[in-house]
Amino acid sequence: ADTSKTVDERLLSICQLLENKIDCYNWVGFYFKNGDKNELKLGPYVGEPTDHTIIPFGKGICGQVAVSNKNFVVPDVASQDNYIACSITVKAEIVIPIFVNGENMGQIDIDSNTPDPFSVEDERFLEFVCEQVSKII
Ligand code: SME
């Protein structure tokens, strides 16, 4: 195995690959459970810097996934009451949880500037990505 890269470097590479190769993925990042606190902490990401480096469980799309343990696909962010806006250019969002030994440890979060861009294929693909990530974190 290649031990020359840190976990964060590998996670950043995944973000870069996804953002580069998939046109409708415009912000790609990871949030992880912050120790034993009921909050998420921003990990590696690609895209516009965000003020939301800490997100309490339950808040926004990300915080809701932290408690629901379910994928959350948002075709139109304007339709969501419990949403944290990072950029006014964002139209849609997808968040997929990352499980380690059955425990929800974090998530991949993807924003799109295109309305309603995510299909069930994105969900299956990102679930696969999250499964791979669960093995390296
Ligand atoms: N929109 C997210 C916040 C994180 S930013 O998209 C980077 C939410 O509602 O949880």
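How many helices and strands does the secondary structure of the protein come to? There are three helices and six strands, where helices (H or I, at least four residues) and strands (E, at least two) are DSSP runs numbered from the N terminus. This is a predicted model, in which local features need pLDDT of at least 70 and side-chain atom pairs count only at pLDDT 80 or more, while totals for chains, interfaces and linings use all residues. Residues are numbered from 1 along each chain as its sequence is written.

From the N terminus on, the elements run α-β-β-β-α-β-β-β-α. The radius of gyration is 14 Å, close to the 14 Å that the globule rule gives for 137 residues, so the protein is as compact as a globular protein of that length. Here the radius is taken over C-alpha atoms, and the rule is 2.2 Å times the number of residues to the power 0.38. The C-alpha trace spans about 45 × 35 × 30 Å along its principal axes.

The strands form an open sheet with antiparallel pairing, in the order S3-S2-S1-S6-S5-S4; two strands pair if DSSP finds at least two bridges between them. S3 and strand S4 (72-74) stand at the edges with a single partner strand each, so one side of each is left without a neighbour in the sheet. From one strand to the next the twist averages 25 degrees. Axes are lines fitted to C-alpha atoms, for helices over the stretch in contact, and angles run from 0 to 180 degrees between N-to-C directions.

Strand S1 (residues 27-33) and strand S2 (residues 39-46) pair over five bridges in the antiparallel sense. Phenylalanine 32 stands opposite lysine 41 in S2. The hairpin of S1 and S2 has five residues between the strands, and glycine 35 takes a positive phi near 60 degrees there. S2 also pairs with strand S3 (residues 54-56), antiparallel and over three bridges; glutamate 39 has proline 56 in S3 as its bridge partner.

The helices come next. Helix H1 (residues 7-21) lies across S1 and S2, running at about 65 degrees to S2. Helix H3 (residues 120-134) packs on the sheet and touches S4, strand S5 (92-100) and S6, its direction making about 35 degrees with that of S5. Two residues are in contact if their C-beta atoms, placed from the backbone, lie within 7 Å.

In H2, the residues Gly60, Ile61, Cys62, Gly63, Val65 and Ala66 are buried, which requires 20 or more other C-beta atoms within 10 Å of a residue's own; exposed residues have 12 or fewer, those in between are partly exposed, and C-beta atoms are placed from the backbone. The buried residues of H2 pack against S1, S2, S3, S4, S5 and S6. After H2 comes asparagine 69, with a positive phi near 60 degrees.

H2 also bears on the ligand. Surrounding the ligand are 14 residues, the closest being Gly60, Ile61, Cys62, Ile84 and Cys86; a residue is near a molecule or strand if its C-beta atom, placed from the backbone, lies within 6 Å of it. Helix H2 (60-68) and strand S6 (103-112) each supply at least two residues of this shell, and H2 gives the most, with four residues.

Finally, asparagine 101 lies in the loop between S5 and S6. Asparagine 101 is exposed, with 6 other C-beta atoms within 10 Å.
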